[in-house]
Amino acid sequence: MTELPQIFGGWIVLILLVLLVAFALGRAIQIVPQSRALVIERLGKFHTVMYGGFHVLVPFVDRIASRVDLREQVTSFPPQPVITADNVVVSIDSVIYYQVTDPMHATYEIANFIQAIEQLTVTTLRNVIGSLDLEQTLTSRDSINTQLRGVLDEATGRWGIRVNRVELKAIDPPPSIQQAMEQQLRAERDKRAAVLTAEGVRQSQILQAEGEKESAILRAQGQAEAAVTRARGEAEAIATVFASIHDGNPTPDLLSYQYLQMLPELAKGESSKVWVVPTELTAALDSISKGFGAAKQD
């Protein structure tokens, strides 16, 4: 009977030893994921940094001081009130993109680098915005981002952190300033619309006047060319008639007869109210009468 407790005691000791070995192996074997790092201390002092892969620690001698994520991180800070150079309080909401480049320095150089970056961002924002008025603050976002990134990257470099990008999500003036700005923008838009309308009317009138001018010039040129063409045609017709008459060698009696035939055409004019009989008509009548008299005597 005395051997049974000894057997149970031996089994208990063995089980405890197995559990202790399993626990030690569990603590000793470490599989680090990709883009992660383990800061290892040996007997309370920094020993090494373990990156992604399989690693073995010395049980009860080595311990994990911190687990560091090496991927790029994004942190958004709450809106901060900042006073501009013209004494306007604006609320600025910022976003920081950073990455841990040295896990050992990020662990031992500063206790809480997120809080440190936030406070440094607020201080830098107040310094930068304090030298700008409201209009410059609203229109110089890229310049402010560049200045913030330069200051933060320089300060966080010794902490093993690289600030990749700084963005101002929102710059919100007070509601009264926003209303005044909206009224100003509305007035500017109305002014531009009125100027554009007036410019359009002016341009339309100029184009219409130029069109009328060109049309009048073209009409005058057309009338002049038509008059020249008519005059040239009439001259050619007169020359042709004169040549035909000259070639036909007409007698005075024929000319007198043609003259008499034209008299009714002259009388058709509406403005012909008074007739003045020219001497050529009496001469023509004498020629005709003499012609008829000679015919009777024969």
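**Exercise 1.** How do the residues of the lining of the largest cavity divide into nonpolar, polar and charged?

*Solution.* This is a predicted model, where local features need pLDDT of at least 70, side-chain atom pairs count only at pLDDT 80 or more, and totals for chains, interfaces and linings use all residues. Residues are numbered from 1 along each chain as its sequence is written, and side-chain values use heavy atoms, with hydrogens and water left out.

- Step 1: list the lining, which is Phe77, Pro78, Gln80, Ile92, Ser94, Glu118, Thr121, Val122 and Leu125.
- Step 2: sort them into 5 nonpolar, 3 polar and 1 charged.

**Exercise 2.** Find which elements supply at least two residues each of that lining.

*Solution.* 

- Step 1: strand S6 (73-83), strand S7 (89-100) and helix H3 (113-129) each do.
- Step 2: H3 gives the largest share, 4 residues.

**Exercise 3.** Is Asp62 buried or exposed?

*Solution.* 

- Step 1: Asp62 has a relative accessible area of 7%, so it is buried (buried is under 20%, exposed over 50%, partly exposed in between, with a 1.4 Å probe and protein chains only).

**Exercise 4.** Now classify Trp11 by its relative accessibility.

*Solution.* 

- Step 1: Trp11 sits in helix H1, residues 3-28.
- Step 2: its relative accessibility is 52%, so Trp11 counts as exposed.

Terms used. 1 Å grid on protein atoms, 1.4 Å probe; cavity = no way out; pocket = protein on both sides within 12 Å on 5 of 7 lines; lining within 4 Å. Nonpolar A, V, L, I, M, F, W, Y, C, P; charged D, E, K, R; others polar.
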